[in-house]
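I opened the model today to go through its strand pairing, its helix packing and a few backbone details. These are my notes, in the order in which I looked things up.

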Amino acid sequence: MATERQKQERSVIDQGATEKVMAGKPPEKSATDRPALRRSKLLSLIKKAGLRGLLVTNPKNVTYLTGFSGDDSYLVVTPEKTVLLTDSRFTTQIEQECPGLPYETRTARKPMAELVGAFFKSSGSLSLGFESQHVSFALHQDWANRLKSITLVPTTDLVEQLRCIKDPSEIAETREAVQMAQRGFEVVKSLFVPEMTEAAIAADLEHAMRRFGAAKVAFDPIIAVGPRAALPHARAGNSQLSEAGFVLLDWGASTPKGYKSDITRVVATGKVPAQIEKAYRVVLAAQLAAIALIRPGASCQEIDTAARKVIEDAGYGKYFGHGLGHGIGLDVHENPRFSPISTDELKVGQIVTVEPGIYFPELGGIRIEDDVLVTKDGHEVLTSLPKSFEEFQARR
């Protein structure tokens with residue numbers, strides 16, 4: 001027989017599922033081969049860099065350029081050919097996820113470096129780029145020993161330049177990730193009881209998001225009760241909601257295709273200290289000031305400065321040390337970056353987080369975070385959870 005808690009959870013989940021159906025049909029799938037289009041754009045960057053090709057080793061970049069979601073695979077991109085270097089475990093998966101994509105496989109008797117060497121054995125002399133941020137020194141040395149006639153050239157962020165601007169399918173995926181995260185949060189928030197621990201909230205949050213279609217959490221949820229909210233990256237522990245009057249939650253969902261959301265809210269679960277309430281209102285004002293400036297061509301440094309000024313003018317400048325936010329997509333942290341030293345400018349199609357915070361040692365912290373799409377006319381806030389101090393009081 002279902003417990004009262006199970007009935008309550010089921011009710012919230014059913015309501016969310018109904019809303020999802022009533023929201024209308026999902027966007028129709030485009031016939032465009034988006035990975036092929038991305039590879040075409042990458043070839044232009046490769047040519048501009050004076051290279052004959054690029055050896056892609058970052059798993060997220062391989063997925064972005066092919067649609068293949070497996071691991072332990074590299075992608076060779078040249079003007080003449082694109083080939084996935086993988087192993088025999090993924091043959092069926094490759095044919096299902098990216099039909100028509102040429103691939104070569106290795107077995108357990110042949111390490112990946114040997115497959116790379118064999119693939120380029122007859123290539124002759126050429127300049128081959130590699131992703132320097134994702135290749136260890138030992139691996140680079142191994143390649144150098146095997147690829148005697150090839151000049152290995154380190155590159156930085158060639159694929160990431162493309163990834164930071166989302167196409168319509170990626171924007172739709174991110175919308176789904178946001179909805180999965182928000183619905184999961186509503187489930188967990190409705191179940192708050194004084195004896196609930198941070199770890200229990202984190203576990204219930206992941207369970208609820210998965211029931212709404214998430215493949216997994218975007219990252220380990222940050223659940224911090226009271227004074228522990230002063231730790232921007234607090235690990236969920238055994239502190240109970242009854243130990244303070246508020247709790248900070250920073251969480252996100254990952255869709256089956258790997259796109260992430262990233263949201264932070266603070267929930268009042270009891271009497272909130274006056275200093276925390278004041279800080280909350282300041283953080284919210286700072287966030288709204290920053291979001292208002294988001295548009296194509298806007299300076300990420302200037303947007304960070306606008307939020308920071310609100311906090312500094314309130315006398316809390318020394319309590320806000322981290323950057324204002326970052327891009328989000330297949331990774332939780334992508335370009336562009338909001339910070340006092342950022343040189344980035346916003347472009348149409350980027351999705352960014354805006355997350356100012358104030359943190360008081362031994363008292364607690366406040367952070368409010370939303371996911372925002374840069375549009376041709378300005379911006380669209382993808383997250384919709386309430387965040388004014390008055391409406392965000394938890395039901396007790």
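I began with Leu 54, whose bridge partner in strand E2 is Val 77. Strand E1 (residues 53-56) and E2 pair in the antiparallel sense over three bridges; I take two strands as paired if DSSP finds at least two bridges between them, and helices (H or I, at least four residues) and strands (E, at least two) are DSSP runs, numbered from the N terminus.

Before going further I noted that this is a predicted model, in which local features need pLDDT of at least 70 and side-chain atom pairs count only at pLDDT 80 or more, while totals for chains, interfaces and linings use all residues. Residues are numbered from 1 along each chain as its sequence is written, and side-chain values use heavy atoms, with hydrogens and water left out.

On its other pairing, E2 is joined by four bridges to strand E3 (residues 82-87), and the two run antiparallel. Tyr 74 stands opposite Leu 85 in E3, and E2 and E3 form a hairpin with four residues between them. I then looked at the side chains of E2 (residues 74-77): Tyr 74 and Val 76 point one way, Leu 75 and Val 77 the other way, and all are buried, where buried means under 20% relative accessible area, exposed over 50% and partly exposed in between (1.4 Å probe, protein chains only).

Next I turned to the open sheet of three strands in the order E8-E9-E11, where the pairing is antiparallel. Its edge strands are E8 (222-225) and E11 (263-268), each pairing on one side only. Neighbouring strands of this sheet are turned by 10 degrees against each other on average, direction ignored; axes are lines fitted to C-alpha atoms, for helices over the stretch in contact, and angles run from 0 to 180 degrees between N-to-C directions. E8 and E9 (residues 246-251) pair over four bridges, and Ile 222 stands opposite Asp 250 in E9. Helix H8 (residues 168-190) packs on the sheet, touching E9 and E11, and its direction makes about 15 degrees with that of E11; contact here means heavy atoms within 4.5 Å.

Ala 113, Glu 114, Val 116 and Gly 117 in H5 meet Asp 142, Trp 143 and Arg 146 in H6.

I then checked the domains, whose bounds come from an automatic or database domain assignment: domain 1 covers 34-163 and domain 2 covers 165-394. Their centres, taken over C-alpha atoms, are separated by 35 Å, and the contact takes eight residues from domain 1 and twelve residues from domain 2.

A cis peptide bond joins Asn 335 and Pro 336, with omega about 5 degrees, and Pro 336 is found in strand E13 (residues 334-338). Asp 157, in the loop between strand E6 (150-155) and helix H7 (158-163), has a positive phi near 65 degrees. Is Asp 157 buried or partly exposed? I noted Asp 157 as partly exposed because its relative accessible area is 23%. Glu 362, in the loop between strand E15 (357-360) and strand E16 (364-367), has a positive phi near 75 degrees, and Glu 362 counts as exposed because its relative accessible area is 76%.
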